[in-house]
Amino acid sequence: MSSPAEQFSDDPDDRPGDPNAGAREQGHRRRRSLQEQARSTLAKKMARVAKSHRRIAKATAQRARDLEDLREWSADPVTAKLLNPDYARAGAAGPVLTDADASPRKIAAWENQEIARRTVISEVACTLRLAERTAEGLIGEAAMFAGPMKATLTAMSRGEISYRHGQVLMEQLSFLPLEEVAELEAQLLSVATDLTVGKLAGRARRMRERAHPETITTRATEAVKERGVWWEGRPDGMGTLTWYGTAQQTQAAHDRLTSIAEATRNRDFQDEAIPEDRRRTIGQICADAAGDLLLDGVTPTGTGGGIRGSVMITVPVLTAMGESDAPGFLEGYGPIPADAAREIAAGAPSFTRLLTHPETGTVLSVGKDHYTVPADLRRWLRLRDGTCRFPGCTRPASRSDIDHTRPWEHGGPTDYDNLAHLCRAHHRLKHQSLWSVTQEPGGVLVWTSPAGATHRTYPETALGPPPTLPPTPSPTPSPDTDTTSAPGEFRARELPEEPPF
Ligand SMILES: [Zn+2]
């Protein structure tokens with residue numbers, strides 16, 4: 001079969017007066033006609049793709065309208081009152097976080113508006129399978145599109161620009177005084193339909209800076225509030241730590257690491273004991289130096305002194321003994337290589353280890369220092385849960401409260417199958433909104449949202465019952481006793497080692 005290039009190349013024999021010219025001309029016409037057909041098919045298929053793309057833009061515009069409708073409804077004081085569980089509860093407003101594992105200290109109850117806001121965010125996040133931060137962002141964007149950026153929303157609902165284009169415009173327009181949004185919005189919309197998202201972002205930034213050079217200060221002040229550090233597990237036993245800080249600080253830190261790496265590499269080069277294939281690259285030395293500084297470094301003012309990071313791993317007994325290469329298990333991450341697990345099990349101080357039965361995976365030991373029942377149970381629960389058990393939440397169990405699924409004051413026992421980790425925000429959400437939860441065997445939590453949707457969350461690690469768990473008497477408080485102080489004191493003895501506040 002000939003390639004398209006050969007098929008359509010100039011034919012050197014195609015000269016006037018050639019007796020085969022007629023046949024060749026016919027061949028050309030046939031090929032041209034086939035090509036026309038292909039182009040027409042391409043056009044039809046592309047029209048379908050473009051139509052779907054416009055439909056997506058229209059649908060995202062509609063989603064923004066629906067989200068804004070939801071937000072507006074929930075912000076109404078009457079609605080907000082109805083979304084507070086206390087509205088339908090008999091008696092006065094209940095205390096906040098009366099649960100066993102929470103501190104006996106109380107924290108202020110959320111206002112109705114705050115309950116309504118968090119109800120809506122959690123519903124949207126769970127239904128759309130989004131992180132709550134993302135859901136909150138979408139709701140905020142919807143309010144902006146439905147308010148000062150109506151023209152952008154209209155362009156989106158006509159399918160003229162995509163949602164991403166709309167977001168790019170919002171990034172530039174949201175820092176402007178409201179009365180000036182419309183003018184710049186109109187200018188940007190006139191070019192937005194012809195530009196990619198990347199090009200539009202550049203154009204929008206330049207146009208905005210020309211019109212409002214002072215806003216970079218405002219933007220920087222806002223942006224610096226978002227600084228933080230995030231950890232994310234990556235495949236193959238790896239992880240990423242992200243530091244979001246000012247451009248000058250992060251650049252200086254990167255420069256320091258690079259200088260350290262260059263000096264180290266020069267030293268390594270002079271050390272003939274290091275074989276060629278073991279020499280580290282600049283990038284590898286940077287990563288090692290950053291790790292050393294973060295894990296063990298102490299600032300001149302003493303920050304970091306005496307504090308060690310801590311992670312929890314489980315190691316199959318045979319792996320620990322060096323007789324198997326079955327992977328270890330890092331809490332909040334998953335499997336890690338046997339070698340790394342062995343090294344940690346051998347006594348690294350920043351790690352708590354648990355040994356597991358080779359076949360059942362049941363925890364055999366939670367370490368010599370943790371014989372007491374409450375501490376064992378806490379560690380067992382930490383390993384089982386890994387993270388906060390609210391749908392979608394990734395906050396580590398080690399930074400969360402332990403919650404009685406069925407409240408202690410309603411007869412819920414302090415037992416492994418009635419306890420689960422909830423981060424502070426979701427612990428409050430459970431107690432202060434119309435969300436409810438039950439626990440099924442195997443540590444499965446079944447959440448019911450205020451709108452009546454069901455969401456199940458599963459333990460991170462399947463474990464047998466904790467080996468040292470004693471029977472727990474079910475409390476039966478009488479209805480007229482003060483259920484806030486007595487159980488609080490009892491529970492403070494029973495569970496937490498450290499106050500959760
Ligand atoms: Zn949470």
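Me: What kind of model is it?
Reply: It is a predicted model.

Me: OK. How many helices and strands in the protein chain?
Reply: The protein chain has 17 helices and twelve strands.

Me: And what share of the 501 residues is buried?
Reply: Buried residues account for 26% of them.

Me: What about contacts between residues at least 6 apart in sequence: what percentage join residues at least 24 apart?
Reply: In the protein chain that share is 59%.

Me: Switching to helix α5. Why does its end-to-end distance agree with its residue count?
Reply: Helix α5 covers residues 132–146, so 15 residues at 1.5 Å a residue should span 21 Å. Its end C-alpha atoms are 21 Å apart, which agrees.

Me: Which residues of α5 are buried?
Reply: Glu132, Ala135, Leu138, Ile139, Ala142, Met144 and Phe145.

Me: What covers them?
Reply: The cover includes α2 (21–75) and α4 (112–128). It also includes α6 (150–157) and α7 (163–173).

Me: New topic, strands. How do β1 and β2 pair?
Reply: Strand β1 (residues 228–234) pairs with β2 in the antiparallel sense, over seven bridges.

Me: Which residue in β2 is the bridge partner of tryptophan 230?
Reply: Threonine 242.

Definitions and conventions:
Residues numbered from 1 in each chain as written. Predicted model: local features only at pLDDT ≥ 70, side-chain atom pairs only at ≥ 80, totals over all residues. Pairing = 2+ DSSP bridges. Helix = DSSP H or I, 4+ residues; strand = E, 2+ residues; numbered from the N terminus. Buried ≥ 20, exposed ≤ 12 C-beta atoms within 10 Å, placed from the backbone. Contact = placed C-beta atoms within 7 Å. Expected span 1.5 Å × (residues − 1).
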